[in-house]
Every structure is written in C-alpha cells, then in structure tokens.
Amino acid sequence: MEGALWLLVVVVLAVVVAPAESAGDVKIWPMPASVSSGNKRLHLSKDFELLTQGTGYNDASGILKDGFYMMLAVVNNGHVVDGNFSDKSSLLSGLHVVISSPNDQLQYGIDESYKLMVPSPENPAYAHLQANTVYGALHGLQTFSQLCHFNYKSRVIEVHMSPWIITDQPRFSYRGLLIDTSRHYLPLPIIKNVIDSMTYAKLNVLHWHIVDTQSFPLEIPSYPKLWNGAYSASERYTIADAAEIVSYAQIRGINVMAELDVPGHALSWGVGYPALWPSNDCQQPLDVSNEFTFQVIDGILSDFSKIFKFKFVHLGGDEVNTSCWTDTPRISKWLKKHHMNESQAYQYFVLRTQKIALSHGYEIVNWEETFNNFGNKLSRKTVVHNWLGGGVAEQVVASGLRCIVSNQDKWYLDHLDTTWQEFYMNEPLTNITNSKQQKLVIGGEVCMWGEQIDGSDIEQTIWPRAAAAAERLWTPYDNLAKDPNEVTRRLAYFRCLLNQRGVAAAPLMGPGRVAPIEPGSCYMQ
C-alpha cells in the first residue's frame with residue numbers, strides 16, 4: 001500500500017512539474033514584485049560585457065565586477081559556449097548597470113530594490129539594470145541569471161520570453177538562515193557554499209550560531225582559552241577565518257549575525273575557564289554571581305565588534321535551567337544577599353549582558369523566552385526572536401518591540417517532517433493587522449540546527465525548503481500563491497537549477513532531506 005501511495009505521488013508530481021516552454025511560464029524564484037515578458041529569444045554574446053557608463057557608483061571594492069563575473073559563471077555553468085548565430089538583431093552584447101548610491105556599506109535596511117529590462121528600450125544591444133545600491137544590483141544579477149538558458153543544440157546562452165521588464169524589491173528587510181557550528185563543526189568551504197546558495201534565493205542574513213553546550217570553536221583573542229572547548233584542535237575557526245566569512249558574505253550582499261547564547265547553552269566555555277561554571281559538577285548556566293563571567297562576555301563582544309559589523313548581535317537567552325544556581329551553595333548565598341530568586345537572577349543576567357552589547361554599539365536579538373518572562377524590562381533596542389510557536393509575534397509588536405519569526409513548527413529545517421508547502425505558507429504577519437505593528441516584524445529566518453547536520457548533509461536539508469520561506473519573505477503578499485501547489489512547478493525548476501549550480505538540493509517530493517525514490521527527471525522528483 002505504501003509503495004502504491006508513493007507511486008501516486010510521483011505521477012501527480014510529474015504532471016504538475018513537467019517543464020514547459022509556453023509563453024507566460026515565468027520560472028523566476030523568488031517571484032519578483034512586478035514582471036512582464038514577451039515571446040522573443042535573445043542570445044548572449046561570447047564576450048558579454050559589463051557596462052557602467054552614467055553610474056554613481058565607482059565600484060572601488062569590486063563588488064559589482066565580482067558579482068557580474070560570478071553571475072556569468074553560473075550562467076555558463078561549465079559549458080563550452082562556442083555556438084555561432086547570424087541574427088545580430090537578437091544579440092545581447094552586455095549588461096548596462098546604473099547604480100545611484102556611491103556607498104557600498106552593507107547594513108540592515110539597505111535599499112535592495114532594482115529594475116531590470118532585457119533588452120534595454122534605449123539600447124537594444126544591451127540589457128539594462130538600475131538600482132539605488134550595489135546590493136540591489138546584485139539581486140538584479142541573480143534574477144538575470146535565471147532568465148538565461150544554455151541551448152545544447154546551438155551551444156549559446158539564450159534569454160527566452162523577451163522583452164522582460166522586472167521591477168523588484170523585498171517585502172522584508174531581514175531574510176535569514178541560521179547555521180549551527182557547535183553541534184557539528186562546519187569547515188569554511190561548506191559555510192561558503194551555504195552563503196553562495198543563499199544568494200540564489202535572495203536571503204540576506206547568515207545567523208551564525210557559533211558556540212553552544214557542546215563546543216566553543218571560535219578563537220577569542222581576549223580570552224584565548226575559550227576555544228579549548230572545541231571538539232578538537234582542527235575543528236576551530238581563527239579570528240581571521242571569521243573575518244573571511246564576513247567578507248565573503250558581504251561582497252555577496254549577505255550580513256553575518258553572530259550569536260553568543262547566554263547564560264544557558266554555555267558548558268563548553270568552562271573547558272578553558274572552569275571559573276565560569278557554577279561548579280565542576282553543575283556546569284551551566286554561566287555563573288551569575290561571578291564578575292569574571294561578565295568580564296569574559298565583555299571581552300567576547302569587544303572582539304566580535306571588530307569582526308561582525310552587522311547592526312545586531314544575538315545574545316540567545318533561551319532554555320535556561322537555573323537549578324545549578326540554587327544548588328550551588330555559594331551562588332545560592334549570593335542570590336539571597338542580592339534579594340534575588342532564580343527568575344530574577346535570569347533577568348539580571350540577560351539585562352546586564354544587553355547593556356554590555358549596547359556599549360559595543362550593537363542592537364540586540366534575544367530568543368523569545370526573555371520576552372515571555374520579562375518583556376517590559378528588555379532594552380527597547382531588542383529584537384525578539386520567536387521560535388516556540390505561533391501568537392508570540394503579535395504580542396511582541398503590540399508591546400512596541402521588533403520581532404523576527406522562526407516558529408519551530410514551520411521554519412525549523414531540522415524538523416524533517418515539515419514539508420516545503422508548510423514552509424511556504426508560514427505567514428510572519430499572521431493576526432497582525434495594524435500597519436505600524438506590521439512594520440515591527442522585520443522579517444523571518446529558517447533555522448538549520450546542527451544536532452544531525454554536518455558537511456555531508458547540510459545542503460540537502462536546507463534546500464529546497466528554505467527557498468519556499470525565501471519567497472514568503474521576498475515577494476509581495478498579494479503576489480504569493482494562496483495554495484502552494486500553484487508554485488510546485490516553479491519551485492521544482494528552482495531546485496533543479498540549484499542542482500545544476502552545484503547545490504545539493506533535495507527533491508520536493510516527501511519530507512525534508514528525502515532522496516529520489518526511483519530513476520527519473522529532476523523536474524519530476
């Protein structure tokens with residue numbers, strides 16, 4: 001019976017996702033804000049060039065140039081493009097990019113809009129890309145790459161369905177993906193591959209959950225024994241490694257938000273500095289009574305501020321079991337002296353850590369338990385990170401605080417039984433109707449927790465389900481499908497595009513990280 005059911009799924013999916021070439025078959029993912037297309041074909045010149053005449057951006061850092069050549073690389077995709085064509089009227093010689101702002105500092109809330117015309121109405125030999133910032137232009141390059149197709153017969157790169165006019169901008173400014181390098185170490189090339197794949201779906205924040213109970217892999221110059229808590233001497237990141245990840249992401253338009261999860265999830269800290277433990281027998285949360293604890297946090301955040309330039313730092317604050325504080329006699333005595341119970345000590349720790357982060361120029365993200373327990377005490381510069389379930393975001397924004405949505409029942413990638421359809425339909429603004437409060441939901445994030453994830457399976461666990469959430473966060477609400485089955489064909493096409501670009505995205509069929517169940521076309525899995 002189970003085999004018959006899977007066969008039925010395969011047949012139905014094959015009917016839905018079989019690739020088509022009909023006019024109006026827009027395959028762009030995520031769907032832009034406004035798209036119009038025609039029925040002509042264009043060909044890219046072998047010497048397809050970048051033209052920047054009239055731009056206000058001098059590209060001293062090379063972000064645009066690098067982005068252009070990375071785009072060409074994924075378009076050519078290793079093929080030998082050596083075909084000839086006689087119709088010069090259908091030839092695209094290059095892409096003319098005009099950027100208004102000379103500034104390429106990447107930060108939260110930067111303008112990511114763009115307008116793409118293929119070909120340019122004024123100069124039909126070129127496509128035209130206009131953006132206010134270089135990071136909007138990078139999104140335009142990604143969209144342009146999805147318009148291009150290698151013709152295996154003529155061996156040229158084609159643009160189908162031209163002329164294209166695409167006007168686009170994101171719905172939410174924060175579109176995140178969490179990776180976890182404490183539960184399993186992720187080598188630098190793996191992290192870079194994840195960053196590359198994020199750009200294809202227009203995600204723009206890599207939330208780096210660096211340390212946790214299990215390991216502390218990051219070098220902290222202020223307290224060099226902290227990374228004694230790494231799994232091994234070779235499963236570590238130097239401070240230069242961290243800077244390289246930030247730089248690699250930044251030139252691709254992706255911010256890196258570091259997380260320092262305190263006071264719980266911190267047993268690994270004490271491997272190098274046992275004084276951070278309440279006792280040798282009761283090793284977390286961090287010792288609230290010890291000034292050294294806050295000195296170490298200050299040192300870490302000071303070192304962070306030199307590398308992680310994103311506006312926000314994540315301070316965790318979730319799943320804090322405070323029993324070690326009351327079970328350790330000297331800490332229990334300290335609590336009594338300061339007239340605190342366990343809950344008050346938890347609040348004291350979080351708020352004191354927030355002040356340290358603020359002193360280093362950060363605004364703060366905390367997991368929702370902090371809001372649930374003492375929301376009215378949090379700094380007004382706090383963004384509450386919802387993860388436990390629905391209904392929290394509306395409470396957070398009603399209080400005037402900002403919110404990131406990652407409810408675990410819909411947007412946790414390690415929950416393999418959550419389907420891509422559920423990822424797609426998870427709406428961050430559920431039950432939030434006040435326009436001012438809606439603006440306080442700055443976006444959402446899919447979370448790739450690492451308990452059962454390492455370099456061998458991370459990509460197929462992230463993709464394609466993260467892409468479903470990416471469209472929810474990018475595309476205007478009115479343009480989103482009300483039934484996820486309406487986008488199955490387009491998402492299947494994007495999943496196959498990821499595969500073609502070297503990203504190990506799993507089939508749509510079945511739960512997360514599923515393997516193909518039988519031979520067949522990528523588009524039918």
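**Labels and their tests**

Analyst: Pro163 has its place in the loop between E7 and E8. Helices (H or I, at least four residues) and strands (E, at least two) are DSSP runs, numbered from the N terminus. This is a predicted model, where local features need pLDDT of at least 70 and side-chain atom pairs count only at pLDDT 80 or more, while totals for chains, interfaces and linings use all residues. Residues are numbered from 1 along each chain as its sequence is written, and side-chain values use heavy atoms, with hydrogens and water left out.

User: What is the omega of the peptide bond between Ser162 and Pro163?

Analyst: Omega is about 5°, and the bond is cis. Most residues other than glycine have a negative phi, and most peptide bonds are trans. The bond from Val262 to Pro263 is also cis, with omega near 0°. Pro263 lies in the loop between strand E11 (255-259) and H6.

User: Why is His339 called exposed?

Analyst: Its relative accessibility is 69%. Buried means under 20% relative accessible area, exposed over 50%, and partly exposed in between (1.4 Å probe, protein chains only). The value 69% is over 50%, so His339 counts as exposed. Asn77, at 28%, falls in between, so it counts as partly exposed.

User: What makes Asp287 and Arg330 a salt bridge?

Analyst: Their closest N and O atoms are 2.8 Å apart. A salt bridge is a side-chain nitrogen of Lys or Arg within 4 Å of a carboxyl oxygen of Asp or Glu. The gap of 2.8 Å is within 4 Å, so the pair qualifies. It links distant parts of the chain, 43 residues apart: Asp287 is in the loop between helix H6 (269-272) and helix H7 (291-307), and Arg330 is in helix H9 (residues 329-337).

User: How many salt bridges does the structure hold?

Analyst: It holds 18. One of them joins Arg352 and Glu291, with 2.6 Å between the closest N and O atoms. Arg352 is in helix H10 (residues 342-359) and Glu291 in H7, 61 residues apart. Another joins Arg183 to Asp180 at 2.9 Å, and both of these residues are buried. Asp180, Arg183, Asp212 and Glu451 are linked in a network of salt bridges.

User: How do you know that H7 and H10 meet?

Analyst: Contact means heavy atoms within 4.5 Å. Residues in H7, among them Phe294, Ile297 and Leu301, meet residues in H10, including Phe349, Arg352 and Ile356. The contact residues divide into 7 nonpolar, 3 polar and 3 charged. Here Ala, Val, Leu, Ile, Met, Phe, Trp, Tyr, Cys and Pro count as nonpolar, Asp, Glu, Lys and Arg as charged, and the others, Gly among them, as polar.

User: Which residues touch Thr370, leaving aside its neighbours within four places in sequence?

Analyst: Thr370 is in contact with Gly316, Gly317, Tyr346, Val350, Gly375 and Leu378. Thr370 belongs to helix H11 (residues 369-374). Its relative accessible area is 0%, so it is buried.

User: What makes E4 and E8 a strand pair?

Analyst: Two strands pair if DSSP finds at least two bridges between them. E4 (residues 114-118) and E8 (residues 164-168) are joined by 5 bridges and run antiparallel. Met117 stands opposite Ile165 in E8. E3 and E5 pair in the parallel sense over 6 bridges, and Val98 stands opposite Gln130 in E5.

User: Why are E1 and E6 at the edges of their sheet?

Analyst: The open sheet has 8 strands in the order E1-E8-E4-E5-E3-E2-E7-E6, with mixed pairing. Strands E1 (34-36) and E6 (148-151) each have a single partner strand, so one side of each is left without a neighbour in the sheet.

User: What makes E3 largely enclosed?

Analyst: 8 of its 9 residues are buried, so the rest of the structure largely encloses E3.
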